[in-house]
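Biologist: Could you walk me through this one, a question at a time?

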Amino acid sequence: MKLSTIKKHLEELDVIAFELPNGDLVPNHFHVTEVGKVTKNFIDCGGTVRNEEVVNFQLWSANDYDHRLHPEKLLDIITLSEKILGIEDLEIEVEYQGDTIGKFGLEFNGKHFLLTSKQTDCLAKDNCGIPVKKEKKSLSQLTATTTCAPGSGCC
């Protein structure tokens, strides 16, 4: 989800809720302790230089159970971050503390923001010798086609 999208959703919500991939909700007394831009400059295993930028939200739960972040307050934090840090309309990555700090993607189901699982991947499969998965088809899906007409000289 891009920053512009979460802002639109926040304008329509009365309360904010984040749902973990297992279906549990982040406790409603969570804080957004950071909104920032993270830049990652790296070289992939194929030798290609890459640059990625995301907006980072860090969620944190404390023992102040009477706290509740309202949508307009998060919008204020985002607006200030855009202005001070020069944040563009980038994809959002969310950090949340589980057994260790987890990084999640973000989606919206009409009621809750969904923290989605992220996966590692090789960005240079063609340079690493990783075979590309071929599409599986059954023989019944294949149709016989003739590419050359008899006597056309193409064969």
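**Pocket, helices and a strand**

Biologist: How many charged residues are in the lining of the largest pocket?

Modeller: A pocket is an open set of 1 Å grid points over the protein atoms alone where a 1.4 Å probe fits, with protein on both sides within 12 Å along at least five of seven lines; lining residues have an atom within 4 Å of a point. Ala, Val, Leu, Ile, Met, Phe, Trp, Tyr, Cys and Pro count as nonpolar, Asp, Glu, Lys and Arg as charged, and the others, Gly among them, as polar. Here the lining has eight nonpolar and four polar residues, and its charged ones number ten.

Modeller: The model is predicted, with pLDDT of at least 70 for local features and 80 or more for side-chain atom pairs, while totals for chains, interfaces and linings use all residues. Numbering starts from 1 along each chain as its sequence is written, and side-chain values use heavy atoms, without hydrogens or water.

Biologist: How do H1 and H2 run relative to each other?

Modeller: Helices (H or I, at least four residues) and strands (E, at least two) are DSSP runs. H1 (residues 3–12) and H2 (residues 71–85) pack with axes 9 Å apart, at about 150°. Because angles over 145 degrees count this way, H1 and H2 are roughly antiparallel.

Biologist: How many nonpolar residues are in the contact of H1 with H2?

Modeller: Contact means heavy atoms within 4.5 Å. Leu3, Ile6, Lys7, Leu10 and Glu11 of H1 meet Pro71, Leu74, Leu75, Ile78 and Glu82 of H2. Three of these residues are charged, none is polar, and the nonpolar ones number seven.

Biologist: How far apart in space are Thr116 and Asn22?

Modeller: Thr116 sits in strand E6 (residues 113–117). Thr116 and Asn22 are 94 residues apart in sequence, yet their C-alpha to C-alpha distance is 9.5 Å.

Terms used. Axes are lines fitted to C-alpha atoms, for helices over the stretch in contact, and angles run from 0 to 180 degrees between N-to-C directions. Angles under 35 degrees count as roughly parallel, over 145 as roughly antiparallel, 65 to 115 as roughly perpendicular and the rest as oblique.
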